[in-house]
Amino acid sequence: MDLSCIISSGDLELYFLGLLPKEETEKVDALIILFPEIKAEVDRISETLEAVSSYATVMPGPHVKENLFKQLKELKSTESVSSTEIKEQQKEPAFIEKDTPPGKVVSMKRSGNNSLLAAAIIGLVLSIGAVIYLATQNSRNNQELVLMEQRVNELNTSLNQQEQQNLAYSQLMQIMQDPNYTHINLQQVPGKPEALVKVFWNKQSNEVYLFDVSLPEPPSNKQYQLWAIVDGKPVSAGVFDNAKQRAQKMQDFAKADAFAITLEQRGGSAEPTMEEMYVIGTTS
Amino acid sequence: MLTSELYTEESLIQQLKLHDEQAFNYLYDNYSKSLFGIIYQIIPTQEIAEDVVQQVFIKIWKNIDSFEPSKGRLYTWMLNITRNQAIDYTRSKDFNRQGQTIAITKNVYNTESNTAAIRDTGFKKILEQLPVEKRKLIELSYFLGYTQEEISKIMDIPLGTVKTRLRNTLIDLRKMMNLKST
């Protein structure tokens with residue numbers, strides 16, 4: 001893969017400035033891990049803008065530092081005391097008292113002659129208030145509980161995803177750093193979309209891994225198929241849907257002159273469809 | 001700027017993560033001028049810029065745990081927080097209410113006449129060596145955080161040209177500052 005077109009595209013500059021769309025940003029994240037040249041270029045961009053920025057020095061007033069450190073001291077002292085929230089929650093039952101006084105006043109006026117009636121009314125008002133309060137409180141608690149459960153589930157899922165991704169990355173890094181692996185860059189076939197695919201091939205253990213950074217998403221009825229060209233003949237090395245952000249293990253090969261990827265019907269084909277070849281790269 | 005007898009970047013980060021006041025003191029003494037300078041480019045009002053720089057250091061304090069040295073340098077990380085905080089401010093209601101947007105746009109368009117914001121002579125010298133078009137590009141993208149689409153509209157150039165021209169501008173800047181080219 002010719003990295004110079006990525007470097008000269010200006011995308012890395014936009015990446016650094018945080019102006020790339022999310023998907024593209026992720027793509028560059030992967031490129032930085034894969035290619036030291038890309039990492040070096042991003043570092044150069046940051047160095048340039050750092051240098052430009054360092055020319056722009058203006059002194060803030062002395063009171064800024066004073067205020068800031070006052071605030072930081074406060075922050076530090078509150079860092080340990082986060083229990084204040086619990087206290088606030090305990091205040092809530094005061095609502096009962098707040099709600100009842102109007103009822104109380106009305107009934108007192110009328111109860112001049114009949115204190116029993118007054119007591120009954122007060123009792124009724126209080127108990128209705130309490131029922132309403134408890135009912136709303138209960139449903140509110142339930143809602144909060146449901147929300148919290150949802151949140152915990154979300155966090156668990158994203159943690160799992162993160163762990164899987166970390167695992168995938170560390171596996172990828174291991175393969176990349178293993179000197180037994182030959183790195184083969186598969187080049188874009190003319191007329192096909194620009195793509196960046198690497199094959200890692202261990203000639204000792206015969207293991208073949210594939211890492212695809214940017215092949216277009218295949219239609220649902222199709223899959224990509226990797227081929228090893230052995231003695232001039234294509235041999236299938238397996239199909240895959242998406243090998244982005246992780247190294248996908250393909251079939252082992254003891255011998256191969258080249259690797260190529262074609263788009264085939266789901267499940268793969270016995271022979272490659274030559275018009276649908278996207279990328280190819282030789283092993284020597 | 002990064003080296004000192006007191007701290008290496010590594011030990012500084014370590015102490016910052018522990019919320020050590022002395023480390024923050026050092027950080028402030030060494031970086032506040034430069035970060036404030038950036039804010040001042042974006043918000044040329046001393047008082048507001050001072051508020052923002054304070055918020056920036058508080059953000060650094062609160063988020064230092066999420067800083068990962070493997071992803072980039074501390075200064076780069078702080079610069080990004082600074083730019084974002086200042087840019088966010090220019091997009092807030094407060095700012096628009098005060099009619100400050102005009103000051104900024106003026107600064108962008110009449111870079112010849114209105115240089116009040118660019119006070120520091122070293123910085124002015126660097127930017128002034130760039131052709132007006134390229135200077136605008138840096139101001140819009142780096143200091144004002146405009147998107148590629150917005151810049152393309154404002155400067156009336158095709159979308160793809162924005163990024164290639166931005167790249168060329170950075171290459172020019174490298175040369176001007178005598179940084180190694182490879």
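## Where the two chains meet

Between chain A and chain B, 15 residue pairs are in polar contact, with both residues at pLDDT 80 or more. A polar contact here is a pair of N or O atoms within 3.5 Å; within protein, one must be able to donate a hydrogen and the other to accept it, and residues adjacent in sequence count only if both atoms are side-chain atoms. On chain A, helix H1 (4-8), helix H2 (11-16), helix H4 (36-55) and helix H5 (62-79) each bring at least two residues to the side that touches chain B. H4(A) gives the most, with 13 residues. Sorted by class, that side of chain A has 19 nonpolar, 12 polar and 10 charged residues. (Ala, Val, Leu, Ile, Met, Phe, Trp, Tyr, Cys and Pro count as nonpolar, Asp, Glu, Lys and Arg as charged, and the others, Gly among them, as polar.)

Before going on, please note that this is a predicted model, in which local features need pLDDT of at least 70, side-chain atom pairs count only at pLDDT 80 or more, and totals for chains, interfaces and linings use all residues. Residues are numbered from 1 along each chain as its sequence is written, chains are lettered from A in the order in which they are written, and side-chain values use heavy atoms, without hydrogens and water.

## Size of the contact

Chain A contributes 41 residues to the contact and chain B contributes 51 residues, where contact means heavy atoms within 4.5 Å. About 4400 Å² is buried between the chains, and carbon and sulfur atoms give 65% of it. Buried area is the accessible area (1.4 Å probe) that two parts lose on being put together, summed over both. Glu50(A), Tyr55(A) and Val58(A) supply 15% of the area that chain A buries against chain B, more than any other three residues.

## Salt bridges

Side chains of opposite charge can pair when their charged atoms come close. The whole structure holds 15 salt bridges over all chains, and 6 are found across the interface of chain A and chain B. The rule asks for a side-chain nitrogen of Lys or Arg within 4 Å of a carboxyl oxygen of Asp or Glu.

Let us look at two of these pairs. Arg174(B) bridges to Glu47(A), with the closest N and O atoms 3.1 Å apart. Lys65(A) meets Asp29(B) at 2.7 Å, N to O. This second pair runs from helix H5 of chain A to helix H2 (residues 21-42) of chain B.

Terms used
Helix = DSSP H or I, 4+ residues; strand = E, 2+ residues; numbered from the N terminus.
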